[in-house]
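Here are my notes on the model, point by point. Please read them with the coordinates open.

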Amino acid sequence: MVDNVGEVQISDEVQQVSSEEEVSGSKKRKTELRSFVWKHFSKLPGGLRAKCHYCGKSYAAHSNSGTSGLSTHLDRCKVRKKMKAANDAKQQTLVCKKGKGKDDGTAKVIHIGFNREACRMALVKMIIKDELPFRFVEAEGFLEFMETCCPKFEVPSRRTITRDILELYQNEKGLLKSILSANKQRVCITTDTWTSIQMSNFMVVTAHFIDEEWVLHKRILTFTPISNHKGDGIGKLIENCLIDWGIEKLFTITVDNASANTIAIAYVKKKLANWSGNSMVLNGLYMHVRCSVHIINLIVQDGLSQVSQSIASIRNAVKYVRSSPARLQKFKTCVDREKISRGGLMVLDVPTRWNSTYLMLEKAAAFEKAFERLKEDDGHYTNWFDEDESEKRRVGPSIDKDWENAKRWRKNLSSIGVIFFEKVNMLLIVANVLDPRCKLDFVIWCFSSLYNIRKVDELRANIKELLLKLLESYGGESNPNRGERCMAIHDGASSSIESFDPFTQFKKMKESSNDDISGKNDVEKYLSETCESASNPQFDILTWWKLNGPRYPILSQIAKDVLAIPVSTVASESAFSTGGRILDPFRSSLTHKTVESLICTQNWLRSTLLGERTIQPSQEEAEFY
């Protein structure tokens with residue numbers, strides 16, 4: 001009986017050969033059999049041939065022949081393969097707990113069978129998901145662990161793991177391509193470039209789309225080397241990516257504000273114009289979406305440059321207090337003497353992150369009097385600013401003008417929306433209109449707090465005009481002169497937005513108006529109907545459109561594309577965090593194809609093709625928000 005593959009009882013004749021060798025008068029020392037094949041073969045009398053434990057066939061086994069022939073037969077032996085399959089199919093009874101790593105007190109008995117291929121694939125996915133080095137499979141501790149918990153599993157080498165990763169990448173890519181091509185999906189993409197620690201330039205392209213089940217998806221399509229950061233080079237790589245993936249319909253491209261991206265998008269629009277009349281919407285007029293995060297950052301940095309000296313002086317004051325426990329204790333004493341409620345001490349900002357600068361100034365402003373006392377009580381504080389830092393004298397200490405400038409800058413941030421909406425793509429405003437809790441009236445009502453009535457009327461006309469153009473482009477009839485309604489704006493809205501819940505007040509205003517609900521097309525019908533309640537925290541826009549889409553057959557297709565537009569390049573930039581961990585100083589020899597396979601496949605494995613209602617930002621993405 002075979003208890004395990006390779007553990008077969010040696011026949012009587014083989015045992016007899018061993019006995020004869022032991023009692024023979026030959027003075028020749030017996031050679032030790034060291035090859036692994038002798039676990040599966042036994043020498044026949046005479047020692048010139050060996051017999052397979054499984055099929056019984058014999059093969060040359062003379063010392064001059066070596067064991068390569070025996071090893072080849074072992075890999076091809078049909079009887080051994082059948083025995084392995086039968087042994088793997090044996091069922092084992094295990095007690096498993098529900099959930100991944102959660103002890104919820106429930107357990108159930110399940111029957112599972114050992115599957116070598118499944119174990120090997122699970123190992124490959126673990127290497128990809130956990131960003132482990134390939135040499136991990138050859139580590140002593142891991143091999144001991146596998147020998148103990150699953151001795152049947154033959155751990156593959158790192159070269160085999162590399163081949164398996166490339167094969168899994170191709171399989172997953174083929175699956176995703178089939179889904180995109182089957183649905184003739186229109187996609188939005190984000191792209192960005194990055195330089196690795198090895199000074200290699202990479203470019204990432206990420207696709208965003210909503211499927212037929214109204215589920216939002218985000219997939220990295222390519223992570224490829226790029227020779228430079230010039231516009232034509234970026235455009236050609238985007239074109240190659242679209243061709244490789246069979247994507248024929250492109251809606252928007254979200255990029256940062258680099259001038260090279262403007263050239264790249266112009267190149268892509270030129271090439272798409274030759275593909276088909278349906279490859280772009282409105283001839284790509286709104287294809288270029290500038291990253292909202294970068295827009296806000298540029299606006300803020302422009303304001304910061306005007307008060308940079310004042311902020312630098314406050315930053316240095318905070319840095320002094322946080323530089324040693326003794327200085328911090330002196331500062332706490334000053335805080336107590338000024339009778340300032342602490343509520344947490346200051347934080348030091350990251351100069352490239354304006355939001356951290358805002359938090360630093362907000363905290364420091366509460367301790368302005370404490371810094372003034374520190375200047376009086378601690379002589380080292382003033383002297384510290386006379387020292388050089390990076391061959392320059394430190395800016396500070398802070399004076400009254402510095403604190404006033406900081407307060408003014410913080411206050412001016414409240415008007416950032418005026419500049420922002422002048423630079424943002426109009427489709428992002430349309431996305432708010434397609435929120436059934438807002439619609440056009442609410443969006444215009446909010447604009448009334450930022451602009452004068454003439455500008456508000458202009459925005460209202462432009463937004464509705466764009467909606468009607470999209471409707472016509474997607475196959476509907478716009479009829480802009482029919483069913484026109486008067487959309488009243490509450491007179492007191494602009495002066496009291498911050499004093500109450502805007503959704504509640506807007507609903508009251510909407511209910512008191514007499515709207516004409518005789519819309520003739522999808523846009524007019526949608527805009528004329530009452531907004532959904534904003535009080536439900538579980539409200540899901542995509543679920544609403546999935547249920548109500550049949551009522552607006554054309555507008556729902558517009559909503560499916562518009563609501564998939566990424567407002568920032570965070571999705572692409574987060575891929576560089578993964579790339580930085582994979583291409584660290586210890587793994588710099590990885591080929592570009594292997595790097596792309598690791599990054600793309602990790603993204604695909606961590607996502608599901610169906611079933612995700614919403615997408616939460618990953619840990620890498622959260623760093624950018």
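1. Is Asn-171 buried, partly exposed or exposed? Asn-171 is partly exposed, because its relative accessible area is 48%. The cut-offs are under 20% for buried and over 50% for exposed, with partly exposed in between (1.4 Å probe, protein chains only). Asn-171 sits in helix 6, residues 158–182.

2. Ground rules. This is a predicted model, where local features need pLDDT of at least 70 and side-chain atom pairs count only at pLDDT 80 or more, while totals for chains, interfaces and linings use all residues. Residues are numbered from 1 along each chain as its sequence is written, and side-chain values use heavy atoms, with hydrogens and water left out.

3. Confidence. The mean pLDDT (the predictor's confidence in each residue, from 0 to 100) of the protein chain is 77. A value of 70 or more is reached by 73% of the residues. Residues 1–28 have pLDDT below 50, and beyond near neighbours in sequence this stretch makes 26 contacts in the model. Residues 477–498 are also below 50, with 37 such contacts. Contact means heavy atoms within 4.5 Å.

4. Overall make-up. The protein chain has 26 helices and 12 strands. These are DSSP runs numbered from the N terminus: helices are H or I with at least four residues, strands are E with at least two. Of the 625 residues, 42% are buried. Take the contacts between residues at least 6 apart in sequence: 68% of them join residues at least 24 apart. The accessible surface is about 34,400 Å², and carbon and sulfur atoms account for 51% of it. That area comes from the Shrake-Rupley method with a 1.4 Å probe.

5. Helix 13, residues 368–377. Glu-368, Ala-370, Phe-371 and Leu-374 are buried here. They lie on the same side of helix 13 because they cover an arc of only 160° around the axis. The arc is taken from the directions from the helix axis to the C-beta atoms. Lys-369 and Glu-376, on the other side, are exposed. The buried residues pack against helix 10 (308–321), helix 11 (325–337), helix 12 (354–365), helix 14 (379–386) and helix 15 (400–412).

6. Ser-310. This residue lies in helix 10. Ser-310 counts as buried because its relative accessibility is 5%. Its side chain makes a polar contact of 2.9 Å with the side chain of Asp-402. A polar contact is a pair of N or O atoms within 3.5 Å; within protein, one must be able to donate a hydrogen and the other to accept it, and residues adjacent in sequence count only if both atoms are side-chain atoms. Leaving aside residues up to four places away in sequence, Ser-310 touches Lys-401, Asp-402 and Asn-405.

7. Strand 7 (residues 201–210) pairs with strand 8 in the antiparallel sense over 9 bridges. Pairing requires at least two DSSP bridges. Val-205 has Thr-222 of strand 8 as its bridge partner. The two strands form a hairpin with 5 residues between them, and Trp-214 in the turn has a positive phi of about 60°. Strand 8 (residues 216–225) is largely enclosed by the rest of the structure, because 8 of its 10 residues are buried.

8. Ala-260. Its place is in helix 8, residues 259–272. Ala-260 is buried, at a relative accessible area of 15%. Ala-260 touches His-229, Lys-230, Gly-231 and Ile-234, not counting residues up to four places away in sequence.
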